[in-house]
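Have the sequence and the 3D view ready, and let's go.

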Amino acid sequence: MLNRELFKETEARLRELRVVTRTSADGRGTVSFRTFVVEAPFELAGELNVGKLMALETTKPNTYLITEVIDFVPMHFGLVNLDGSVPRELRKNVLENVERVIKEGSLDEAWLEVFASHVGYIMEAEGDNVKFVKGYIPPLPASRVYLFTPQAYSRFVSYSEGVRIGNVLNENVELRLNLASAIKYHTGIFAYTGSGKSNLTSVIIRKALESIPSLKVVVLDVSMEYAVLLLDVLYRMNSRLAITDKLPANEADAERRLVRTHVIPEELSVYREEIKKVFGEIFKQGKIRKLYIPPQGVSYLTYGDLIAMVRQMIEDKYTSPSQKPILQLMIQRIDEFMRDKKLDRDDVLDETFKEVINEVELKARESGLRETATIFSFLSSLKAYLNSSDIIREDYDIDALAVEILDSDESSPRLFVVEVPNLEEARLVASSLINNVFMRRKKLYSNKPQVLFVLDEAQEFIPIDARQKDYSEASSLAVERLLRHGRKYFLNGLISTQRLAYLNTNVLQQIHTYFLSTLPRPYDRQLIAETFGVSDSLLERTLDLESGQWLLMTFKSALPEDIPVFFKAENNSDYLKNFLEGFRSSGKRAQSPNT
Ligand SMILES: Nc1ncnc2c1ncn2[C@@H]1O[C@H](COP(=O)(O)OP(=O)(O)OP(=O)(O)O)[C@@H](O)[C@H]1O
Ligand SMILES: [Mg+2]
């Protein structure tokens with residue numbers, strides 16, 4: 001017996017199974033989806049909606065197949081077989097008749113055709129004992145249909161102990177996530193322009209900072225919007241606003257410039273004055289830094305580059321044979337050093353490497369090489385390079401930023417909004433920052449703090465056609481590295497974009513939590529349907545979503561079970577309005593003595 005508090009018994013019954021087969025998004029194979037057609041009493045219309053979960057009896061006792069409603073259509077007996085071949089007068093007559101009886105409420109001959117998709121689960125349930133198991137068992141023909149009640153949603157779809165990010169659509173049930181786990185397994189937000197990506201990203205950031213004490217968040221902002229979207233967090237929390245313009249000279253300059261250069265969402269435009277004042281406060285709090293970005297074209301020497309150089313010298317026929325053993329030794333020592341410090345070929349040389357240079361130099365001297373041998377000039381030019389990179393370092397550069405990000409001291413900043421409106425510079429910053437943080441993390445032998453990198457407009461950082469010239473190759477490799485290997489080091493990614501087709505999709509499998517809203521292109525939807533093995537029809541429902549409404553799909557991360565769920569997200573602007581309203585009234589109070 002099913003627990004009636006959790007599952008509502010209905011008069012609806014399974015009538016048909018349909019299988020749809022289509023070509024896969026990459027055109028290389030085919031995929032099939034099952035759709036179940038359920039016949040339901042007309043009166044059930046009020047309780048049905050897209051996304052509603054239904055349990056169907058299966059061939060195994062006490063075992064149910066979980067399905068999700070993707071559409072439902074009212075039907076009437078009179079309309080069956082009423083097509084163009086029926087004479088027009090007769091059609092008109094039938095249609096008018098159907099209209100009349102439905103309006104009169106005589107619904108004996110009307111019903112609902114409900115279309116539902118399998119979500120990958122079966123449920124073993126007896127009374128209060130309910131267990132979800134991945135898999136598929138065919139439902140019984142004419143199986144009775146049970147609807148999930150709000151209690152069932154709270155218990156099986158939402159994480160009761162989790163962080164609230166909105167409400168399940170049409171259910172009046174809070175949606176709570178295991179946000180720590182979602183972040184750990186990387187997050188993707190995919191939706192058409194204006195669907196609310198930046199808004200949801202900001203909600204996730206503020207909730208994550210609030211609920212995960214060891215977490216730091218780094219937003220790489222190319223559209224100058226997050227300083228406003230997270231203004232209250234910047235103001236209240238230890239944080240950093242890194243800009244590429246010159247630093248404001250004083251508070252008034254900061255207010256004027258920052259409010260002018262930032263995007264203010266329309267619903268917050270009435271708070272322009274307050275936003276301006278808060279920017280001034282953030283300046284006074286000393287949270288703003290000018291980020292030094294190396295001039296374009298400057299790139300740093302990596303261990304991979306160095307090994308290639310030494311190898312080339314060994315292979316070069318003009319290098320005297322007497323130097324070759326020392327060069328071989330150098331490669332060995334680089335290799336040992338890298339293993340010792342857990343460095344990759346992509347990591348950048350820094351001053352700690354001087355110990356290897358000195359050692360090789362000593363060996364070269366001991367072996368009696370002449371002072372004019374090329375190896376000595378090579379080693380001293382390496383040293384000069386390492387020294388000069390110390391000298392040109394400005395106050396707040398990528399290194400300093402990386403150090404601050406990884407600082408586990410409680411007084412160090414937790415939110416970093418790094419504004420780089422120039423796309424080429426943004427890619428350069430993304431790649432050097434991510435690689436730098438990786439290198440330090442490996443050297444420090446510590447996994448604290450956990451770091452979340454946020455890349456809105458991700459197609460700019462990981463485009464499908466990455467090029468060396470505009471640094472998209474470098475940023476693409478770095479972001480791929482973050483998504484593939486970051487988890488081991490507690491380095492995580494949240495990426496957001498409006499078109500999957502423009503993205504290097506190699507990384508999609510690494511992301512376990514997807515927030516989806518309207519995706520107008522079939523290709524984008526098909527790609528996701530295939531990634532999760534759910535039917536196209538479910539993804540098609542994203543076309544009906546309004547701004548702020550989302551379909552959440554997870555793979556062993558944010559939710560107790562991987563059931564796709566439609567929800568309305570909290571509105572980030574509400575937090576800001578609240579804060580700015582408070583700021584306005586406290587400002588008034590401060591002024592009142594003068595008036
Ligand atoms: N959760 C929400 N509740 C209410 N309104 C919302 C919500 N999310 C977004 N909106 C509305 O939608 C508008 C667009 O949101 P947002 O800027 O976040 O979209 P976007 O997907 O990032 O767009 P773009 O592609 O232009 O970057 C917001 O200004 C807001 O009015
Ligand atoms: Mg946006």
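## Helix α11 and what follows

This is a predicted model, and we can start with helix α11, which covers residues 354-366. With its 13 residues, helix α11 reaches 18 Å from its first C-alpha to its last. That's close to the 18 Å expected at 1.5 Å a residue.

## Strand β1 and its partners

Now hop over to strand β1, made of residues 7-23. Strand β1 runs antiparallel to strand β2 (residues 30-41), and 10 bridges join the two. To spot the pairing, look for Arg-22: its bridge partner in β2 is Val-31. The hairpin of β1 and β2 has 6 residues between the strands, and here Gly-27 has a positive phi near 75°.

Strand β1 also pairs with strand β7 (residues 144-148), again in the antiparallel sense, over 4 bridges. One place to look is Phe-7, which stands opposite Phe-148 in β7.

## Around ligand 1

What surrounds ligand 1? A set of 15 residues does, and the closest are Gly-196, Lys-197, Asn-199, Gly-548 and Asn-571. Helix α4 (residues 197-211) supplies the largest share of this shell, with 3 residues.

Notes
Residues are numbered from 1 along each chain as its sequence is written. Chains are lettered from A and ligands numbered from 1 in the order in which they are written. This is a predicted model: local features need pLDDT of at least 70, side-chain atom pairs count only at pLDDT 80 or more; totals for chains, interfaces and linings use all residues. A residue is near a molecule or strand if its C-beta atom, placed from the backbone, lies within 6 Å of it. The expected span of a helix is 1.5 Å times one less than its number of residues. Two strands pair if DSSP finds at least two bridges between them.
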